[in-house]
Amino acid sequence: MDFFFAVSPILLVLIGMLFFSRSGVFMAVAGWIFAGLVAWLYFQTPLSVVIGASIYGIVKAFAITFAVAFTMLMIFIMKETGALSEIVKTVRSITTNKVEQTLFIGMGFGSLATSLGVVTPALFPPVFVALGFTPLAAVAISILCYDPLTSFALLSIPITLPARVVWGPFNIRPPGIANLEQFIWVFTQKITIFLPVVSVCFALMMLYFVGKWEAVKKNFIPAVVSGLVLSLSALTMAYTKIVPVEVIGVLSGFFTMIVIYFMFRKSEKTKTKIDGDFLKAVSPWLFLFIFSLITNYPPVKKFLANLPGKLEVIPMIGGKSIDLNVFAHVYFWILVATIVSLPLLNPTKEQLSNAFKTWKQRVSGPFIAYSLFFAVAFIMAWSGMEIVNGKLAPGSNFKAMNMDIIIGTTLAHIFGKMYPLVSPFLGLLGAFVGGSETASNVLFAKIQYSAIVATVGATAFMPAYGAHAVGGGIASAITPSKITNAAALVGLKGKDESSLLKTMIIPVLAMTLFVGIMLQIIISTM
């Protein structure tokens, strides 16, 4: 019974989305209210702690909510000024056939754009339709090209933000990890171990939607090469640490574009013109890339983190506090890049007005959803705790009343030493429910840690957490919001959406299982 109530907020969100077709925003609100009631009434958590956990989670989510908000503003301005059309036109001029277009745009440019904050299912479907793809193939490829490097989306926020939560308020200390910076790098490295297989699978899936099995057979080698270039370049940069974590996805996507371009050139001569209009169009991304390189240089990063001092430290419940680190966070530099690029984009008053109007209409949904899923994560993490002498501390029966510990230990009891085999499916579930890998990595972090410690030991947490993140990235292929959003752009009906989901579900589950098998082997050799 304890396990049922502990997992009930997650089940509520899952059932609401799957069987009642409720939006992610609606279910985020419902899940937050329900989680608060369960923690308060069943697990005897003081109401003040429940409210404090909610506020803490919402503020802690600023790193992603503001990043998403400012990225949306950037994209809408680029769309209104014609910058996105110019970028797409140039990319289209580089490619010559549907297979090359699929791999170049899907695996290369799609991964690069995703790493810069573009939600490809919301942008790419009309592009592929204009190139002659069927609406179904256009939607499928647009969704799939978000997946190979999802962990590096929005300048690697699915890695860096959960790492800060795990190391900070969750206070998880895996053996051999000395500080937050090391945690981020090790987390990144463990994620990239699984990417060669996953990226190749996604490339093959894209080709399947272009021309079924015949296209896969004829272009098997280019698909494998594109997947390996994308993944192995990310792995190499993760282990050599030659660039900041934040730009690994951008560079991997760019390298993949170059390799695919020359792979398909052979003896033909194709003139590719990169003119001033294109450079102006990509100026927001170029500024963002440069700012990311500069601000992640350790001395600069430390200076920016300490710049406002105590002015940006917000006191929280139980003696806790949150340092906003505004100038060190990527969302600040996304906004700066947007502002600095305005003279080059040269928007009219009408274009700016339209961009802001669209932004105001669409920004509230993801902002609320991310905020409340983080609130749920902290309610579950702080359940069974109380305020003692002004400090947040475990209650007298904490282990029996903490929702995360109950879920983790129950899963450990059910699966035992084979738990690593199924642990990536928690990442898949978390991203499906929470709508993003970031939410999944936060929501299930303490659950994964409890289960891993109870089954195979704390030393296995980092590879398990990496596999969890990869599972969350794989889930993007079947996230209802992404499928619905992409389908609406090209006029696909509900029947087509259902067909697409059914086609994707089996390879998605197979990939997640394979990640689990890899994790089981890795841990058995440690």
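Q: What is the volume of the largest cavity?
A: The largest cavity has a volume of about 160 Å³, where a volume is the space filled by probe spheres set on grid points joined across faces, edges and corners. The model is predicted, with residues numbered from 1 along each chain as its sequence is written; local features need pLDDT of at least 70, and side-chain atom pairs count only at pLDDT 80 or more. Totals for chains, interfaces and linings use all residues, and side-chain values use heavy atoms, with hydrogens and water left out.

Q: What makes a space a cavity and not a pocket?
A: On a 1 Å grid over the protein atoms alone, a 1.4 Å probe fits in a cavity but cannot get out, whereas a pocket is an open set of points with protein on both sides within 12 Å along at least five of seven lines. The structure holds four cavities of 30 Å³ or more.

Q: Which residues line the largest cavity, closest to its centre?
A: Lining residues have an atom within 4 Å of a point. There are 17 of them here, and Glu246, Asn296, Ala328, His329 and Val330 are the closest to the centre.

Q: Which helix gives the most to this lining?
A: α9 does, with five residues. α9 (153–167), α14 (283–295) and α16 (330–345) each supply at least two. Helices (H or I, at least four residues) and strands (E, at least two) are DSSP runs, numbered from the N terminus.

Q: How are the lining residues of the largest cavity divided by class?
A: There are nine nonpolar, five polar and three charged residues. Ala, Val, Leu, Ile, Met, Phe, Trp, Tyr, Cys and Pro count as nonpolar, Asp, Glu, Lys and Arg as charged, and the others, Gly among them, as polar.

Q: What lines the second largest pocket?
A: This pocket holds about 720 Å³ of space. It is lined by 31 residues, and Arg164, Leu180, Ile184, Lys301 and Asn325 are the closest to its centre. The elements giving two or more residues include α4 (62–80), α9 and β2 (321–323). By class, the lining has 18 nonpolar, six polar and seven charged residues.

Q: Why are α4 and α9 called roughly antiparallel?
A: α4 and α9 pack at an angle of about 170°, with their axes 11 Å apart. Axes are lines fitted to C-alpha atoms, for helices over the stretch in contact, and angles run from 0 to 180 degrees between N-to-C directions. Angles under 35 degrees count as roughly parallel, over 145 as roughly antiparallel, 65 to 115 as roughly perpendicular and the rest as oblique. The two helices are therefore roughly antiparallel.

Q: Which residues make the contact of α4 with α9?
A: Ala63, Ile64, Ala67, Val68 and Thr71 in α4 meet Leu154, Ile157 and Leu161 in α9, contact meaning heavy atoms within 4.5 Å. Seven of these residues are nonpolar, one is polar and none is charged.

Q: What is the handedness of the crossing of α23 and α24?
A: The crossing is right-handed. A crossing is left-handed if the near helix is turned anticlockwise from the far one by less than a right angle, and right-handed if clockwise. Among the residues in contact are Tyr449 of α23 and Phe461 of α24.
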